[in-house]
Amino acid sequence: MFLINCPFCGEREQSEFKAGGEAHIVRPKQPTELSDDEWAEYLFIRKNIKGVQFERWNHVHGCRKWFNMIRDTSNDQIKAVYKMGEKPPVK
Amino acid sequence: MKNKYSIFSLIKNAFSYHENWEKAWKDPEPKKEYDAVIVGGGGHGLATAYYLAKKHNMKNIAVVEKGWIGGGNTGRNTTIIRSNYLWDASAGLYDHALKIWEGLSQELNYNVMFSQRGVMNLAHNLQDVRDLKRRTHANRLNGIDAVYLNTEEVKKFCPIINTSQDIRYPVLGGTLQKRAGTARHDAVAWGYARGADEMGVDIIQNCEVKGIKRNGDTVEGIETTKGFIKTKKIGVVAAGHSSVIANMAGLKLPLESKPLQALVSEPVKPIIDTVVMSNAVHAYVSQSDKGELVIGAGTDDYVSYSQKGSHDIVEGTLNAILELYPIFSRMRMLRQWGGIVDICPDASPIISKTSIKGLYFNCGWGTGGFKATPGSGDLFAHTIANDEPHKLNAAFNINRFVSGDLVDEHGAAAVAH
């Protein structure tokens, strides 16, 4: 368990949040022109990084807003949170 | 040739105070080159090596393990074995494993304590009832034993379950697979290790893979903490770390690694002589031979390699356990732990060749890999030795995520993944 600093509500327990998976996966602009391989890449393939990873989270039991998070998956330490549409504060 | 374990060897060794048992496996340094290297010394990896040596006569092989054998998810699961999966492909895969379990102790000359005490899955709402009945029919069409039980029959089979219709999620029925049960998880790893070692397989512990060397689309070997090992075939069975290994070869997998938790209570006298699983409230319980209640909780929804899960997951599971088994209300929990499970989008495993020649992956077992250990090893060995899948694991190829031919066991199997 860890604390998450919701960009809208401030620090809350992780149990108030829902993880939404890898962030910055761009929806295909021309879905009809995608090959099967590209669909597989978009739908199923995930980086699943051991280390620093970019993620989406939703404060489901709070403001219900989505935001992004940079987190080290090897020790669950959060490096940064930032709003949807914003550029990641660290690389 | 290793000495056979028997009542006589037990008596003989008692005279020397059990101080002269021969080593069950050697502790070799890696050779320069092997015909095949298995990455991951858990149950699945050791079983793969065992069947490669036994059925495919590949004796010049090694298993490399970054920690100690059986120290990962093999030693962390809740040891439940069953094969009552919905789809034909899954039923074939898991029942293949169950059939091997039935003779495994004799085959390995190692008591894996396989106990066919039955696994019961509970229904808590009308949709559960429909799903479980459907699955029962599907199982029977595939030759897998399954019966549907009404609430009274559930109570009769496991009297400590609270079948009051006044609880939040009342028990409306359940299914029972009598051939299902549990086994001793460590013994499975140790038994396969001993069997593989006897046939000449090198089991190399404390040897972490740091890189995979490729020449174009062909593998050449692995970089490890004990140096470079040349090989033409690499079978990766790294569970939660599969994506990490795949990354070393420039391969991407459809996996997410998440913490799955379990816990055991203090030991008590025999109280529950079966395994009871509940999909809707996500709680399952059995009792170990030592008397501890073995309780399985769910996964967290975020990716983590920390082998720690959230407290609220455990709390939710224990809430459900207490409502279903009020008799456990004063039990104290002894240990709680997490393991990192690699979950596929369709909650079915991958036992497959890859786009890189000589690189094979056995992964994606998610929350339920232990039950498949012998079958997984057997089929993966077949795939590696022949460079072709066996018909039982053909459906579990990695290309199904491109073709769309998924084996969707999400929630369709007996427990939510």
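1. A search of the whole structure turns up 26 salt bridges over all chains; a salt bridge here means a side-chain nitrogen of Lys or Arg within 4 Å of a carboxyl oxygen of Asp or Glu. Keep in mind that this is a predicted model, where local features need pLDDT of at least 70, side-chain atom pairs count only at pLDDT 80 or more, and totals for chains, interfaces and linings use all residues. Residues are numbered from 1 along each chain as its sequence is written, chains are lettered from A and ligands numbered from 1 in the order in which they are written, and side-chain values use heavy atoms, leaving out hydrogens and water.

2. In chain A, have a look at Asp76(A) and Arg71(A), whose side chains meet in a salt bridge at 2.9 Å, N to O. Are these two buried or exposed? Asp76(A) is buried at a relative accessible area of 10%, and Arg71(A) is buried as well, at 0%. (Buried means under 20% relative accessible area, exposed over 50%, partly exposed in between, with a 1.4 Å probe and protein chains only.)

3. Over in chain B, Asp145(B) and Arg179(B) form a salt bridge at 3.2 Å, N to O. The pair links distant parts of the chain, 34 residues apart: Asp145(B) sits in the loop between H4 and S6, Arg179(B) in the loop between S7 and strand S8 (181-182). Asp145(B) is partly exposed at 23%, while Arg179(B) counts as buried at 19%.

4. Another chain B pair is Lys213(B) with Glu220(B), at 3.6 Å, N to O. Lys213(B) is partly exposed at 39%, and so is Glu220(B), at 28%. Salt bridges with shared partners also join Asp95(B), Lys99(B), Glu102(B), Asp145(B) and Arg179(B) into one network.

5. Now the sheet. Chain B has an open sheet of 8 strands with mixed pairing, in the order S6-S7-S5-S15-S16-S17-S14-S18. (Strands, E, at least two residues, and helices, H or I, at least four, are DSSP runs numbered from the N terminus; two strands pair if DSSP finds at least two bridges between them.) Strands S6 (147-150) and S18 (333-343) of chain B are the edges, each pairing on one side only.

6. Within that sheet, S15 (residues 275-278) and S16 (residues 283-287) of chain B pair in the antiparallel sense over 3 bridges. Val276(B) stands opposite Val285(B) in S16(B).
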